[in-house]
Amino acid sequence: MNSLRFIPIFLLFPVFLWAQHTIEIKAKINISSKVIQVNQDITFNNTSNDTIKFLILNDWNNAFSSKSSALAKRFSDEFKRGFHLASENDKGYTKIISFIDDESNFLQFERLNNQIDVIKLLLKNPILPNQSQKITTYFNVKIPNDKFTEYGFNSDDVIYLKDWFLSIPRYENKQFLTQSNENLDDISNELANFSIRLEIPENYIVFSDLNHANNNETLINLSGNKRQDFSIILQPKEKTSYKHYKNEIIEVISDMSDKRLNDIQTAIVIDKLSKYVAQKLGNPTIPKIVVSQKNYDKNPFYGVNQLPSFINPFPDEFIFEIKFLKTYLNNYLKENIQINHRKDHWITEGIQQFLIMQYIDENYPNFKMLGSLAKLKILKGYNIINMDFNDQFYYAYLLMARKNLDQPIGDYKSSLIKFNEQIAGKYRAGLSLRYLDSYLENEIVLKSISEYMNLNQQFQTNRYDFEYILTTNSNQNLDWFFRTIIEKRDLIDYTFSKVIKKKESIQFTLKNKTQVAVPIAVYGLKDKEIVYKKWFTNIANDSTITIPRNGIEKLVINYKNEVPEFNARNNWYNLKSFLYNNRPIKFTFFKDIENPFYNQIFYVPSVQYNLYNGISFGLRINNRSILNKQFIFDLNPEFSTNTGKILGSTNVQINQFIRDGRLFNIRYSLGASMSNYAPDALFTRINPNILFSFRDENFRQNKNEYIQLTQLYINREKTAFAIDNNTENYSIFNAKYFNIQSEMTKHYSLNTDLQLSSAFGKISGEIEYRKLFEDNRRINLRFYFGTFMYKSTNSEFFSFGIDRPTDYLFNYNFIGRSESTGIFSQQFVLAEGGFKSKFNTRYANQWITAVNGSFNIWNWIEVYGDVGLFKNKLSNPKFIYDSGIHLNLVPDYFELFFPVYSSNGFELKQDNYDQKIRFVVTLSPKTLISLFTRKWF
């Protein structure tokens, strides 16, 4: 252990209370133009031992001025289109007029490379230790629309000001923090004394967590000492929604409400919760706090907020309590804890979630996650209905861990993917503190949090100060908690092996499946009552343990879920049974959360359609719970209304998750399917498959690579309707490589495909590129090349499709696979040649090249064009092209193509034009859902 780690930062780098920076602001707000004219004085007090030669200033409002800012990049990463499609009036900027020091020198400044919202101010006179210097600056601030980050102006002429002035970032380790605005609400400023004078229109009123003094209708004076940040809200007087709630602890300014509560009930809840937080954490250092609906909307309580209001499974007060408590704690902790909020965010997030869970335990111990829905008999069999309210925190973390997408909660907030940053990481931080609290007992964690809060009233702190306090109070080595639980993404998974029952004792081996040595609790149950509990530590490998018999009927690891384990399904042993972990089988309709006490099998009706089978009704039977599993089976028999036969598919998968390195998953699968490919003919497809999945070390990169190896065995019945009636049984080895890099403004993918069989060998490659330009124009380009290496058949069945593939691998969801005329023959799949016009020659049996492109002219209306060369045996290469209008209504789900001009001529004037229109339609909800979930993962 490195003892230096436990020297508190306040002993190494003291920051004295009398040495506050001072910021004085005079601002005139123009409501119609959404521009603030600002005169700001900054008095910087150098409390360090360093000579300051330049100042760094946060200008986070300027992040809204460019589509290339870090803020815009994050929007793009998360597939948020609003900012890139917004008008200039909706965006924001900061226009600096001048900087002048206290000797009337005009100072030069620059914006940091790739950080347009961070200013480097070059000083004529360096600031020596224990000296100060005053800087005067003039600038204009254009306020952005609040639809991007919840802060700014809205259509009701309400303005919520946040991070709009020039602030002094935290100074540590001999340098200023240079962190850009990334919509994480995590600005880390030096404490300062503020004096603000606002000039506003007569019909407006100001609400703020700063102190008001000597105000009139148009001149508002605000002040606050030792503040990191503050909020200012301007509302038209006739639209005032904020109210003041005051008790002996604090004054709360809030517009949060619930239509089911009256004003008195709302006031009682706010009084109750503010006193609860003060009891747990101590009195706040600030006299007022703003708790707004905007704050909540930015960081809602996921779960409760997803339930439609008409369901209302909770008491009236409860929903409001949880929403208000979460928001109040968030604002309270950020103002009272002086940390680097981007680096050590897990401290405030962990304390917030820890106290929410404690509040539920103390006030609503019997509440279920879905409230009164648990009383409905029809839902009693679902584990998700019977889960305790606080169990949702564990399962939200587990959702990401089972996807192998969890990240260390101690990582920088800006490095977390959205689901981890917004939900799973915060919940895991709270669970971790709860885990530590259960292990240490005696409220040591809560006492340490309170001491840490007090320390923050005097000094800037970091995670090592928190660790020092916890270690001192517990008198234990907590390296396992901070180095493993906080700083790593190691999985925890314990189970039993070799259980021996004796008359007076039980001997068992506690097996550590991941070799992560952290404390684990073992329980003994008798008649569902706990008769034994003990924490075991330092179990890095298998350890044999003997405990008293005590009439124990079941041994259970982590019975109360104190430890955030990866797999709870192997945590118990029934001493009354001859079979280890003899979980009974439980059949459940549709889907459920994982239940460790049962082998769950889910069944759900399925409906599919194609032209030949008609509507197929089936019953899908699988073990796919809401959480991913290593072993998955899926059986889907279906009855075809057209043929009267039982068809369908089945699939078995084994996932091998790899925690470290670029290769993060290997999936082994075996699938089989049977369906009609023509009116009177079936196909059977069997495909063993191995998929290797790679990702970038930075999870936010949206960059993935795949290698897929498949052996396909296909049997086709003969039919007069197929393109080639002589090709019946064939086997093909298929190797593919994918490289995909995707975000909202730019998409790139590379795909190579090798196919080998006794009849042919072919190789092809495809590159796709999509770009959204700053003028909101979008271009899509695709290049395809394919060639046969050898070919011993004269059949065109395996040839490259120019305008429609034959799909001999049966990979595409064609509604009428064998149709050559009629509406279903017009279904388009972007594959191989990718041409939208139909040509006389529809296949290439030697090689083909094609370039497909489109460009939007207005919203979802695009023009497209395709050009290419192809060669068939005994003929010269042929050049073809087409062009037309593309209605990209729902990408990859519903699209229309209207040919205009091609190698066939001017198609609009040709006969039967309606038969030339092509369409894309996907009858798969999974495709549509992916358009909305991609911004989270």
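Because Glu594 lies in the loop between β27 (585–589) and β28 (599–610), whereas Arg402 belongs to helix α9 (residues 391–402), the pair ties together parts that are 192 residues apart in sequence. Helices (H or I, at least four residues) and strands (E, at least two) are here DSSP runs, numbered from the N terminus. Glu594 is buried (under 20% relative accessible area, where exposed means over 50% and partly exposed lies in between, with a 1.4 Å probe and protein chains only), its relative accessibility being 4%, and Arg402 likewise counts as buried at 4%.

The model is predicted, so that local features need pLDDT of at least 70 and side-chain atom pairs count only at pLDDT 80 or more, while totals for chains, interfaces and linings use all residues. Residues are numbered from 1 along each chain as its sequence is written, and side-chain values use heavy atoms, with hydrogens and water left out.

The strands that flank the loop of Glu594 also pair with each other, β27 and β28 running in the parallel sense over 5 bridges; two strands are taken to pair if DSSP finds at least two bridges between them. Within this pairing, Lys586 has Gln600 of β28 as its bridge partner. With 3 residues between them, β28 and β29 form a hairpin.

In total, the structure holds 50 salt bridges. One of them joins Arg342 to Asp186, with 2.7 Å between the closest N and O atoms. Since Arg342 lies in the loop between α6 (316–336) and α7 (345–363), and Asp186 in the loop between β11 (175–176) and β12 (192–199), this pair ties together parts that are 156 residues apart in sequence. Arg342 is buried, with a relative accessible area of 3%, and Asp186 is buried at 1% relative accessibility. Both residues belong to a network of salt bridges whose members also include Lys73, Glu182, Arg700 and Glu743.

A further salt bridge links the side chains of Asp696 and Lys703, at 3.8 Å from N to O. Here Asp696 is partly exposed at 24% relative accessibility, and Lys703 is partly exposed at 27%.

Methods: A salt bridge is a side-chain nitrogen of Lys or Arg within 4 Å of a carboxyl oxygen of Asp or Glu.
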